[in-house]
Amino acid sequence: MASSGFEGYEKRLELVFSLPRCGGARAQHGLRLLPVGALREALEAVQCTVVSAAGNAAFDAYVLSESSLFVYPSRAILKTCGATRLLRAVPVLLRAAGDELGLALRSCRYSRGSFLFPEAQPFPHADFADEVRYLDGAVPSGLRFRRSSVMMPPDDCRHRWHVYTASTSDDDDDHDFNGVTHFTVEVCMTELDRTLARRFFLTPRDALRTSHATGDAMTAASGLGGVINPRSVVFGYAFAPCGYSMNALDGACYATVHVTPEDGHSYASYERGGADAGALASIGKAVAVFRPATVSVSVCYGTKERTPQAIDAAWVWSAVADAVEPLGLACRSRAAEAFPGAMTVTYQTFTRTPARLHST
Ligand SMILES: C[S@+](CC[C@H](N)C(=O)[O-])C[C@H]1O[C@@H](n2cnc3c(N)ncnc32)[C@H](O)[C@@H]1O
């Protein structure tokens, strides 16, 4: 942990592999057949550990000591916070997927916000240019469609969104979500309401419960249970003396929430993946749980549909603003960019409006 405080802002990596077309177990289960030892080796390189594991018919979900890992047949999503070395997992996972399963990488996406404590980040994470160089060297040369970008609000260097993508093609070819347009929503919140953040500290009576039971109690008491789809299966975990992580599984969709409640560097994140456009409305419910002073929202979606009804960035911006602004937050900036793999990334920042500032 940094002497200055815990870095809540996560680094997020998504690797997508081509599945064999010939059928069989490898085509059906793909990365889910990776030996436990291979995942352990990848997490050791990152410097985090598994604290709980679950799975359903579509994917496996792990709560980590620093955030979460999701493994679909063709897709691995690894999200880690603190001073973890996330990108060190890339060569380990590529080697294991190739050697153990014969799977080749089809696309890579890396994203993160601006760290609260950049000086505490290990190489290559202290500098986005180093991260891009590291990724360029780690992904196979066949991923020749590459792009990196820092999406930045004007006059605000604290809330930048860093995105790197590399892909074998410019098309979106999706196995895990049946080719349907799906959204990945990432919400980063800072300066949480102090009273609400206190719900994520252990109390004396938690000494009698497991970290999982306390995590589940925090899910219920905080209102987070109402943010996710009620049919989801939810796994909460409470850290000592404070901190919370949760994964929720709902068919092929996941939701994940992580909370760093310490005053002075409080942070919470809400992410929903594999979801339809309805996921955008849930952003407001997540923000209401924490009442943060600043919120940034990134939405990544495929642009496969070329119909007149196809989703465009203006529609996403508006849906996100409709979810967040009624909570007393005003949109300060917005951006959208297209990336290889036929996806669009939108990014918006919001800050608490002065009226709200005085009322809390
Ligand atoms: C892992 S959790 C969630 C991190 C997440 N990225 C977030 O949104 O804040 C981090 C919180 O748990 C606390 N914590 C306590 N023990 C920890 C441990 N062994 N590893 C990581 N975090 C721990 C940290 O101080 C922090 O409040």
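## Pairing in the open sheet

Two strands are said to pair if DSSP finds at least two bridges between them. In this predicted model, strand 4 (residues 67-71) and strand 5 (residues 75-80) meet that condition with four bridges, in the antiparallel sense, and Leu69 stands opposite Leu78 in strand 5.

These two strands belong to an open sheet of eight strands, ordered 2-3-4-5-1-6-8-7, in which the pairing is antiparallel. Strand 2 (50-55) and strand 7 (145-151) stand at the edges with a single partner strand each, so one side of each has no neighbour in the sheet. On average, neighbouring strands of this sheet are turned by 10° against each other, direction ignored. Helix 4 (residues 128-138) packs on the sheet, where it touches strand 6 (104-112), strand 7 and strand 8 (161-167), and its direction makes about 15° with that of strand 8.

## Strand 14 and its partners

Strand 14 (residues 294-302) is largely enclosed by the rest of the structure, because eight of its nine residues are buried. Strand 14 runs antiparallel to strand 9 (residues 183-190), to which eight bridges join it, with Val185 and Val299 as bridge partners. Nine bridges join strand 14 to strand 16 (residues 343-352), again in an antiparallel arrangement, and here Gly302 has Met343 as its bridge partner.

## Surroundings of the ligand

The ligand is surrounded by 20 residues, of which the closest are Gly8, Cys81, Gly243, His258 and Thr260. Strand 12 (253-260) and strand 13 (267-275) each supply at least two residues of the shell.

Methods. Residues numbered from 1 in each chain as written. Predicted model: local features only at pLDDT ≥ 70, side-chain atom pairs only at ≥ 80, totals over all residues. Near = placed C-beta within 6 Å. Axes fitted to C-alpha atoms, helices over the stretch in contact; angles between N-to-C directions. Contact = placed C-beta atoms within 7 Å. Buried ≥ 20, exposed ≤ 12 C-beta atoms within 10 Å, placed from the backbone.
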